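Okay, everyone, thanks for coming. Let me put the model up, and then I'll talk you through it.

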Amino acid sequence: MKRFFSVRKTLFYLLCLSILYTAYSTYYKIKFWDFGIKPNKTTEVFIIDAHIAFKAIDENVKVSFATPSVSKDFKILNEDVSAKDYTVSKDKDTGRMILQASNKSGKQNIYYRLMVYDNEEARGKVREKIPLAPEEPLYDEQERQIAEDILTLASEQEGNLPQELILLFNQSPLNESVNAFLPVQANLHDRADAIISLLALKGMPARLVRGVRLVEGKKASSADLMLEAYDQGKWRLYDLQTAKEGLPKNFILFQRGGISLLDVEGGENSSVKFSVLKSVTSSFKMAAHRAKLTQTDGLYKFSIYHLPLLEQNILKWLMVFPLGILVVVLMRNVVGVPTMGTFTPMLVAMSFVETGLGSGLICFCLIVGIGISLRGLLSKLNLLLVPRISSVVIFVILIIEALTIIGHNFDWQISTSAVFFPIIITAWIIERISITWEEEGAKNARKEIFWTLVTAISTYFVIASEYIRHFMFAFNEINLVILFIVMLLGTYTGYRLTELKRFYPLVKGK
């Protein structure tokens with residue numbers, strides 16, 4: 001008895017350790033590989049195409065183009081440049097793409113493609129060094145007075161200074177002071193420069209930010225502008241049209257500060273246009289890229305998710321088997337129901353997954369019913385065991401063949417589902433029922449058939465769930481938990497649920 005409890009305690013401790021390990025592994029996969037609890041989780045991948053065009057003037061050409069640097073702001077899946085006869089390099093400090101060529105003339109076209117994903121995960125988490133105080137802008141007396149009036153007007157409002165300045169410069173009609181401060185027919189870039197200059201007068205560092213809004217189907221547009229100001233100890237982004245604070249959803253930053261997005265030496269009339277295309281891919285397919293980005297690719301390579309797709313699909317089914325086994329163990333050892341064979345119900349349940357529950361039940365009943373009738377005829381011939389079972393197997397094959405042909409001709413999907421039933425298992429079920437019928441009577445045989453179907457249906461509802469199959473595959477460490485639960489159930493020697501009614505008179509009498 002002492003040894004028994006020692007074994008149980010050991011299994012209990014192992015179960016607790018397996019639960020802790022599974023919980024950590026689940027957190028790890030969600031955190032670093034972005035696995036989802038629910039199936040069919042997808043990742044949006046945006047393809048950004050930048051078309052750089054200019055006219056070369058028979059000189060050596062140098063093109064400098066601001067590109068997103070590798071950072072935690074977003075994740076770069078792929079980066080590519082198409083430029084014939086140009087040498088391509090990248091400045092590691094600034095992140096600018098440098099392209100050079102000799103003796104170029106006429107119209108030039110350069111294409112830059114960027115594939116990014118998970119941009120929103122690091123929104124507002126960019127940390128940079130504290131900037132130096134900006135240089136005070138050079139204004140004449142009249143410009144300074146206008147600038148002071150605008151700052152006073154903005155300070156009277158409830159919001160912070162950058163926001164209120166943006167709102168003032170977007171009023172319609174414009175305030176007289178604001179209108180006088182801006183050049184004639186001022187564009188968004190002019191308004192941003194004016195606001196940066198006013199903030200510098202107040203000693204607040206600010207800069208222009210260029211990027212691209214990831215709007216699906218966006219075609220041939222210029223870079224989007226935002227304002228970034230250093231306020232209350234950190235850089236804050238503002239929309240130049242709405243004054244809303246924060247990085248907008250799906251906005252890729254190409255350049256913070258700097259003079260220009262594109263510089264061309266040896267060329268004229270340069271321009272850059274952006275287009276955006278969105279695609280959706282499975283999070284499992286992106287897991288390898290996330291593992292590489294988070295420097296956990298060494299562990300990922302030794303996981304089942306690094307295997308070819310065919311092997312993954314096979315293992316996806318194998319991973320759900322332990323859960324089906326647990327259901328069978330609970331039904332037999334805790335509930336206490338008789339079934340035909342130990343794991344026959346689980347194999348029948350797998351057939352139901354392929355056929356559908358309704359079609360599978362009808363086909364199962366037809367095949368087994370006809371098979372039992374034919375097996376009864378064989379018993380009168382007094383055949384030996386092996387030939388008798390072999391004959392039953394052949395009968396099952398002929399029954400499945402007949403049902404399939406009938407179903408095809410009458411367009412009955414139920415009959416064609418018969419081909420998914422395991423032939424040997426079905427034949428053994430027929431043989432087992434026949435033997436039970438002969439030795440223990442029809443009542444016990446019907447009882448075993450009934451509880452086998454009940455257990456198979458219970459197992460079917462577990463393994464047929466797409467959510468459960470996904471979870472068991474994505475977080476397969478849970479099979480360790482199931483293993484120790486099954487082993488603990490193996491130490492259970494108490495009453496089964498079906499025995500409570502049977503032994504109740506004894507307990508009552510005591």
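I'll go through confidence, then the strands, then a pair of helices, and end with some backbone details.

So, ground rules. This is a predicted model, where local features need pLDDT of at least 70, side-chain atom pairs count only at pLDDT 80 or more, and totals for chains, interfaces and linings use all residues. Residues are numbered from 1 along each chain as its sequence is written, and side-chain values use heavy atoms, with hydrogens and water left out.

Confidence, then. pLDDT is the predictor's confidence in each residue, on a scale from 0 to 100. The protein chain has an average of 80, and 91% of the residues score at least 70. Among the elements of the protein chain, the lowest mean pLDDT, 64, belongs to helix H13, residues 413–416, and the highest, 91, to H17. Then there's the stretch 120–126, where pLDDT stays under 50. The model has eleven contacts for it beyond four places in sequence, a contact being heavy atoms within 4.5 Å. Where pLDDT is low, the predicted coordinates should not be read in detail.

On to the strands. Two of them count as paired if DSSP finds at least two bridges between them. Start with E1, residues 42–66. E1 runs antiparallel to E4, residues 96–117, with 20 bridges joining them, and Val45 has Tyr117 in E4 as its bridge partner. Another 14 bridges join E1 to E10, residues 267–282, again antiparallel; here Ala56 partners Gly267. E9, residues 262–265, also pairs with E1 in the antiparallel sense, over four bridges, and Ser64 has Asp263 as its partner there.

Now the open sheet. What order do its four strands take? It goes E7-E6-E5-E8, with antiparallel pairing. At the edges are E7 (234–239) and E8 (251–256), each pairing on one side only. Neighbouring strands are turned by 35° against each other on average, direction ignored. For angles in general, axes are lines fitted to C-alpha atoms, for helices over the stretch in contact, and the angles run from 0 to 180 degrees between N-to-C directions. Helix H3, residues 161–168, packs on the sheet and touches E6 and E7, its direction making about 20° with that of E7. Helix H5, residues 188–201, packs on the sheet too, touching E5 (206–213) and E6, at about 150° to the direction of E5.

Next, the helix pair. The axes of H9 (321–335) and H17 (478–489) come within 10 Å and cross at roughly 15°. That makes H9 roughly parallel to H17, since angles under 35 degrees count as roughly parallel. Among the residues meeting there are Leu326 and Leu330 in H9 and Ile482 and Val486 in H17.

Last, the backbone. Which peptide bond is cis? The one from Ser172 to Pro173, with omega near 0°, and Pro173 sits in the loop between H3 and H4 (176–181). Ala243, in the loop between E7 and E8, has a positive phi, near 70°. Most residues other than glycine have a negative phi, and most peptide bonds are trans.

That's my tour, thanks.

Technical notes. Helices (H or I, at least four residues) and strands (E, at least two) are DSSP runs, numbered from the N terminus. Angles under 35 degrees count as roughly parallel, over 145 as roughly antiparallel, 65 to 115 as roughly perpendicular and the rest as oblique.
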